Structure formats: structure tokens, C-alpha cells
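The sequence and the structure are shown first.

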Amino acid sequence: MAEDAGITKSNFEFWLHKALEWGQITTPESQQDVCLHLPELQEFLVQIYGALKHMNCTDAIQKFPLIGQLLGRLCWNPFVIGHDECQKILMRCLCCLYSGEPQNPVELKANSWIQISLYHLLSLSGLGHHDSDINNFIVTLGLTSADYYMKLVENVISSLVTEISRNWFNRFNSQQSISLRVRSVSLLCVPLITLPEIIPLLEALLRYHGAGSEVLHCEFLEAVNEAILRKKISLSESAVVQLWLRHLPSLEKALLQNFESLIFGQPSSVEEMIQLIKSSLLPQAACHPAIFRTVEEFFKNALLETNGAPEIMTIMQVFTQCFLQAYQGNNKQHKFPLKAYFPHNPHSLLRAFFKQPSDLPAAGLYQHLIHIAEMLKAIVETKCMRFCGNLFKTWFLFIHFGDWADTAAEHLLESNAESSEALLWLLAFYYDPNAENRQRTQTMLEGRSLCECLTTLSGTPALSARDLLDAVNSKISRRQPATQELAVHLIISFLLFTAKGHTIAREFIAHFAVTDGEILRVSSLLSRIAHRVSQLEVKYQRTVKLVNDLLQILKFVG
């Protein structure tokens, strides 16, 4: 036995003999012997810890060949681990022996044994099945087995959290040594992650930052993320943000899972979508610009790959609403400016989009719409001439705030010809940002023709669903997808926001959506409009009820 930090061979053998002897506790005398020796044992364990913290596992076993047997027996002795200080030092010793990157079979075997020891320390298993002597001892402490367990775990976790907060062990350790310890403990936590009592340790590890490269083991980061996504654990928002900031694959997996639940789970309303999005913590985490940029890249790729599928646009718009709520509710002193999230867009346009339609009076709302259309048109025409590659960024920003497109479609049906020009341009750009001037002008002409037709139909004494269908088919070109999409938007607005539209909406939707294969597009649009108008005045209550009825019809026929 090598001597280190004042540890002699005879001293080590004495405590190993005691640990073996205490392993067979059967009499009050032997129990009393444990209690009498606890202060000295604590002193000895401090010496052991002082030696181990400067070694890796292999070196420790070479110097102290029986260290595993000694610590293992002490860890499974309820009287020893019931002593606060002994239990804390034992935990630190185990952490020193654990290898974040095991280099040989010895270290692999040691890791397995340490994990088993930790799981024993941090689980309820066995506490209710002690022999009568141990149970009597716990009772004499004035505790139940559950209380004893809780106190034990609280001490273990508190000790480790304190060590992490103090940069581990002592200030004389090198940064590399500290990082190796933290990495080892993170890996050590992997099999214990779902234990509720270990949450403070997980959060302390996620808050810890070393110098340079990532300190925490990727297996730990992946396991924590998986537990969060499966709702096995619940961490604070700040801890989740730290996880996603330091491990991009975890953020991408969280995004993909939430996205799939919104697409394939088929939520029945925008309210249900909002609940799914908010419960993912992604909007709250996106208040950090680095995470927001990753979310933006995810949505951009989804839009491009699906050629602007309506359900993708709706998810993106609802997510933006959730993000804005989180951003506006964030009262932190170091709140990021809007420009940090949308660095390539004019600040004046951002401010215009960030206003909610529901926050503006009727007259002010219409003027604000015209203002948005004019700003967008000026930016787009300038960029078309000089920076065609940036056109997508302007459109992409507009897609975030689709409520303004919905509001424009509603107001088109009650606008005069002069003011409707700006709103028609807005919708034409929304549905086809890449159109050339001539093509966009044609879309606007057909949109205007349809608006005039709908206005005329609204004055018809006895309007039928067939009348509307025939009028639509005669006015809309089937060759231009953007024109078709704009037409669907205007028709839905006519059905929802005019008295005549209300009378034929149910019959028309059932036939039109099925015949033209528009169920998905119409459902997305209806859900979005329902959510928007539900936040407005009482006068829209009938509209909200109608939308809900139409959604049920589409669900049935789909």
C-alpha cells in the first residue's frame, strides 16, 4: 500500500476491516461501534478524497488496490451514509473515481460499479426492506424510511450542487482537472436522470461553463433532452435554454418533435396548437437570439421544401404569436432588441408588423394596413432592382405575421377601388413573392374582378351556394396557383364577414373544399381567422361559431 496524503497501509486496512465487520450488523453493540467511529471515519475519508481528487481512476486503483471494496461497503451501510458529512465525502470520492472517457476495461468496470452504487444511494429500493435492526435505528432517529431517504438524497445532491457552484473541489485545481470532474459527473448522472430528486444537480450542471470546448458529456445532454421531450422530468426554462444553447442536436430534435406533433397530431384549433407550442418551451427559449435563429432556419427549410404549404405557414404564424407573447412578457433587464431577431429587415417594418390587429381601432387598423403595404412595396421594388437575393427575407418576415394578410382580405370586400390597390398588392405578394410585375399585375386584376363579383353577390336577394361557385369559376384562372390561393382567401372572407356569406357558408364549404381538393388549405385558413377574430369585439361571436361549424364539416368530409 502506497502512502499518500498521510494515509498509511495500516490505517487503510483498519477501516477496510471495520467496513467488513459493519457489513454484518446484527447487534446493538456493533451498531453503536459504527456510530462511535463515524467522526474518525469522516476524517479518514477526507484524507482519501484529498488523494483521489488529483488522480484518474487507473492511478487511484494502482495506489489503493482495495479502494473499491472499501468505498463500496461504506456506500451500502445505512449508518455510514446516514451521517451527513461521511455521505457527502463518499459521494465526492465516487465522482473522483468515475471516468468521463474510460480508457481501459478497469475504468469501464469501475464506472459500472459506481453507477450501481449511486443508483442505490438515490433510489427508494431497499429502504423499506432493511432488517429489523436497521429499521429500528431509523425509527429512533424520528424518521420513516421515506424521510430517511429524502434526507439522504437531499444531502447528496446539495453537496454536489455546492461543489459545482464553487468551481469544484478547490481553487488550486487546474481548469482541465475541473472540466474532467464535471464531465465525469455529467456522465454519472445519465442512469439517474429521471429521478425527481436529482433535478437540482442537472440544473447546476447545465449552468456550469468551463473554458473552451463543451464540458458536459454529449450522452448526458442527449439523455436530459430526451427526458424533457418525453415529459419524464421538468426543468426550469433557464436550464432548458442552457441545454439547447450548448447542444444544437437537442434543440433540433425538440423542434422536429414539436413540428411533427403539430402536423401529424392534427390539432383541432389554433388554441390547441398554441398549447402544444407553448408546452414545448420553444417560444420562451427563442427569446435568446441564437435559439431564435435556429428556429428560423428550421421554418425556412420547411417552407422551401414544401413550396409554402399552408399548414407550414399557419404553424409558423402561430409560433410567432407565441414568441411575441414570451418576448413581451420578458421583463429581464438585458432584453434583446428586435433587431437581434430580424437583423436583415428595416426597423420601421418590424415595428409595424409587431403591432397586433386586435390592438388597433377600426379606422387606425385600415390605415396601418395601407402603411404596411406601402412599406413592403417600396422595399420589394428597391430590392428587385438591386438585391434580388434578399427578396425572400422580406417575404419570409411577412409570413411570420400572416394575421395582416387575413385582415387585408377582410377589408378588401369593403374598400373602394383606389385603396384596394394596396391591399391587393399585399395579398398578391403574400402568395407569390417571386412574381414579375406583369404576372403580379394580372393576379391583382383577377383579384379585383373577384372582389367586385363578391360585392355584387352580397346584394343578391336570394344567393345560393351554386351562384357563388359559378361566379368564382368564371372569374378565376386555374393556371396561376397564386391567383387560386388569393381567390380562396377572398371567398372565405366573403363567407365569414358578410351577412349573405353566412347563409350559404356551410353548403358552399362542403362542396367547394372537397371538389377542388382544398380541405387542408381551407382548414388552415379558417383556424387562423377564428383565432384572430375571437380576440376582437363581441360582434364577431357569430363568425367564430360559424368557423367552428365549418371546421367540423371539413373534418367530417375529410
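Leu-426 belongs to helix α23. In this predicted model, Leu-426 has a relative accessible area of 0% and is therefore buried. Apart from neighbours within four places in sequence, the residues in contact with Leu-426 are Leu-369, Ile-372, Ala-373, Leu-376, Phe-398, Trp-404 and Ala-408.

## Overall fold and nonpolar core

The chain contains 29 helices and zero strands. Of its 558 residues, 53% are buried. When contacts between residues at least 6 apart in sequence are considered, 72% of them join residues at least 24 apart.

The largest nonpolar core comprises 186 residues, and those with the most contacts inside it are Leu-41, Phe-220, Leu-235, Trp-244, Leu-468, Ile-492 and Leu-495. Helix α18 gives the most to this core, namely 11 residues. For Trp-244, the contacts beyond four places in sequence are Asn-225, Ser-250, Leu-251, Ala-254, Ser-280, Leu-281, Leu-282, Ala-285 and Ile-291.

## Aromatic pairs

A pair of aromatic rings is described by the distance between the centres and the angle between the planes. The structure holds 25 aromatic pairs. In one of them, Phe-12 and Phe-64 have ring centres 6.0 Å apart and planes at 5°, so this pair is stacked. The pair links distant parts of the chain, 52 residues apart: Phe-12 is in helix α1 (residues 9–22), and Phe-64 is in the loop between α3 (57–63) and α4 (67–75). Both Phe-12 and Phe-64 are buried.

Phe-342 and Phe-354 form an edge-to-face pair, with 6.1 Å from centre to centre and 90° between the planes. Phe-342 lies in the loop between α18 and α19 (347–354), whereas Phe-354 lies in helix α19, so the pair ties together parts that are 12 residues apart in sequence. Phe-342 and Phe-354 are both buried.

## Pockets

The volume of the largest pocket is about 650 Å³. Its lining has 21 residues, and Gln-266, Pro-267, Ser-268, Leu-520 and Ser-523 lie nearest the centre. At least two lining residues come from each of α14 (248–264), α15 (270–279), α18 (310–328), α28 (519–533) and α29 (541–557). Helix α28 supplies the largest share, five residues. By class, this lining has 10 nonpolar, nine polar and two charged residues.

The second largest pocket has a volume of about 450 Å³. It is lined by 20 residues, of which Asn-307, Gly-308, Trp-395, Tyr-431 and Pro-433 are the closest to its centre. Two or more lining residues are given by each of α17 (289–305), α18, α21 (391–400), α23 (417–431) and α26 (481–497). The most come from α26, with three residues. The lining of the second largest pocket has 12 nonpolar, five polar and three charged residues.

## Enclosed cavities

The count of cavities of 30 Å³ or more is seven. The largest cavity holds about 120 Å³ of space. Its lining is formed by Pro-310, Met-313, Thr-314, Tyr-430, Tyr-431, Glu-485, Val-488, His-489, Arg-521, Ser-524, Leu-525 and Arg-528. By class, the lining has six nonpolar, three polar and three charged residues.

Helices α18, α23, α26 and α28 each supply at least two residues of the lining of the largest cavity. The largest share, four residues, comes from α28. Helix α28 also supplies the largest share of the lining of the largest pocket.

Note on methods. Residues are numbered from 1 along each chain as its sequence is written. This is a predicted model: local features need pLDDT of at least 70, side-chain atom pairs count only at pLDDT 80 or more; totals for chains, interfaces and linings use all residues. Side-chain values use heavy atoms; hydrogens and water are left out. On a 1 Å grid over the protein atoms alone, a cavity is a set of points where a 1.4 Å probe fits but cannot get out, and a pocket is an open set with protein on both sides within 12 Å along at least five of seven lines; lining residues have an atom within 4 Å of a point. Grid points are joined across faces, edges and corners, and a volume is the space filled by probe spheres set on the points. Ala, Val, Leu, Ile, Met, Phe, Trp, Tyr, Cys and Pro count as nonpolar, Asp, Glu, Lys and Arg as charged, and the others, Gly among them, as polar. A nonpolar core is a set of buried Ala, Val, Leu, Ile, Met, Phe, Trp, Tyr and Cys residues joined through side-chain atoms within 4.5 Å. Buried means under 20% relative accessible area, exposed over 50%, partly exposed in between (1.4 Å probe, protein chains only). Contact means heavy atoms within 4.5 Å. Rings of Phe, Tyr and Trp (its six-membered ring) pair if their centres lie within 6.5 Å; planes under 30 degrees apart count as stacked, over 60 as edge-to-face and the rest as tilted.
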